[in-house]
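Work through the exercises below with the model open. Try each task before you read its solution.

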Amino acid sequence: MKRRRLGLSTRAIHGDPKARADWTAVAPPLYQSSTFTNPVGSTAEVLYSRYGNNPNQVDIGKKLALLEGAEAALFLSSGMGACALAHLAVLRPGDHLLASEWIYGGVHRLFREEFGKLGIDVSFVNPTQQRTWKKAMRKTTRAVFLETPTNPLMRVIDLEPVATLCKAEGLALIVDSTFASPVNFRPLEHGADLVIHSATKYLNGHTDVIAGAVAGTDQVVEEVRRLMQVWGQALDPFAAWLIDRGMRTLTVRVRRQNEIGLAVAEWCAKQDAISKVHYPGLPSHPDHELAKRVLGGFGGMLGIELKGGVRAAERFLKALTIAAHAPSLGGVETLVSEPRLTSHASLTAEQRAQAGIPDGFLRFSLGLEDPDDLIADFAQALARH
Ligand SMILES: *Cc1c(COP(=O)(O)O)cnc(C)c1O
């Protein structure tokens with residue numbers, strides 16, 4: 001008998017549910033052990049937590065694969081570790097990587113500062129201009145990398161034309177899907193070959209773990225695992241256990257954050273002191289139609305521009321009482337950061353303005369507080385600004 005396909009929430013909680021034996025723990029036990037006994041004389045791979053085969057590590061990998069619709073997935077000790085090894089699994093010296101220029105600052109640095117030393121050439125394109133991808137391709141191009149939605153403008157990239165191009169040219173399409181989480185977007189369903197997450201963000205969701213993940217075919221994930229075993233970015237078992245606990249509420253968290261995001265964005269759009277709101281759920285957003293078509297929800301990430309630039313932004317930030325001024329995102333607490341001091345600190349003020357991120361731009365990661373409280377807090381802080 002063919003089994004019914006389970007919904008996303010059931011998969012996030014149970015993975016692939018099996019009949020339970022009597023007297024077993026309902027919550028997964030934590031295997032806080034670096035090593036495991038191995039049968040004498042066995043030539044099978046030993047169990048050792050750096051190998052990624054600790055039961056806590058294995059369980060969350062299976063769960064993420066089920067959520068992304070991938071053959072396999074593997075968690076690593078950070079999003080940066082996941083990103084580095086995903087690329088090293090598909091690129092060789094002499095290869096060219098074509099990357100979106102709107103990507104996480106750390107990944108931009110990795111490509112700029114490290115990949116050249118490995119003989120991997122990287123060039124960057126504006127991801128919203130479909131024709132630039134093809135134009136920037138070279139004979140040696142082996143992979144394409146992008147992030148969607150992007151930080152901090154929340155631009156949504158249409159994967160399908162890029163995926164069609166990659167298929168035609170035999171390139172791997174690698175997508176950092178951290179901002180969307182598998183609840184709002186599943187890149188593999190849109191033609192991507194490999195998905196990367198900073199699990200530090202929505203997958204864990206509680207601002208208490210650094211982790212990353214890669215999901216894709218068995219073959220590529222096995223290569224990432226092999227690299228992880230020798231380069232050493234395995235996830236600690238307790239971090240894996242916390243991520244398992246976090247993932248159980250992934251769908252309720254992200255769906256609620258979608259609601260809060262829309263409510264706060266709509267309120268912000270009506271304020272005179274706010275000159276611009278960047279949220280894909282608003283009709284004013286350049287990718288609103290695409291977002292409606294491809295996203296399961298518009299997310300909990302919001303960009304706003306205050307009239308009065310940096311000084312107004314700083315007064316507003318100091319007056320906020322609920323949102324914490326901190327980098328990172330995807331947790332239950334609302335966080336706010338200034339791209340000029342974080343993700344876009346390496347650019348000049350003019351370059352930032354040109355990129356559509358003028359000084360005074362604030363990026364919010366909305367948590368799970370009552371939206372009325374968040375809005376009241378914004379209102380009192382704006383009144384002082
Ligand atoms: C945070 C982040 C990363 C890096 O992840 P870490 O877990 O901090 O190493 C990569 N990509 C995106 C989109 C991120 O937001």
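**Exercise 1: The largest cavity**

The lining of the largest cavity splits into 8 nonpolar, 4 polar and no charged residues. Here Ala, Val, Leu, Ile, Met, Phe, Trp, Tyr, Cys and Pro count as nonpolar, Asp, Glu, Lys and Arg as charged, and the others, Gly among them, as polar. The model is predicted: local features need pLDDT of at least 70, side-chain atom pairs count only at pLDDT 80 or more, and totals for chains, interfaces and linings use all residues. Residues are numbered from 1 along each chain as its sequence is written, and side-chain values use heavy atoms, with hydrogens and water left out.

Task: find which residues line the largest cavity, and state its volume.

Solution. 
- Step 1. Apply the cavity rule: on a 1 Å grid over the protein atoms alone, a cavity is a set of points where a 1.4 Å probe fits but cannot get out, and lining residues have an atom within 4 Å of a point.
- Step 2. List the lining: Pro149, Met154, Phe179, Ala180, Asn184, Pro280, Leu295, Gly297, Phe298, Gly299, Gly300 and Met301.
- Step 3. Read the volume: about 80 Å³.
- Step 4. Assign domains. Domain 1 (8-247) and domain 2 (250-382) each give at least three residues to this lining.

**Exercise 2: The ligand**

Task: describe the shell around the ligand and find its polar contacts (N or O pairs within 3.5 Å).

Solution. 
- Step 1. Count the shell. The ligand is surrounded by 13 residues, each with a heavy atom within 4 Å. Met80, Asp176, Ser198, Thr200 and Lys201 are the closest.
- Step 2. Sort the shell: 5 nonpolar, 5 polar and 3 charged.
- Step 3. Take the ligand nitrogen. A polar side-chain atom of Asp176 is 2.7 Å from a nitrogen atom of the ligand.
- Step 4. Take ligand oxygen. A polar backbone atom of Gly79 lies 2.9 Å from an oxygen atom of the ligand. For Ser198, a polar side-chain atom is 2.8 Å from a ligand oxygen atom.

Terms used:
Polar contact = N/O pair within 3.5 Å; in protein donor to acceptor, adjacent residues only side chain to side chain. 1 Å grid on protein atoms, 1.4 Å probe; cavity = no way out; pocket = protein on both sides within 12 Å on 5 of 7 lines; lining within 4 Å. Points joined across faces, edges and corners; volume = space filled by probe spheres on them. Domains from an automatic or database assignment.
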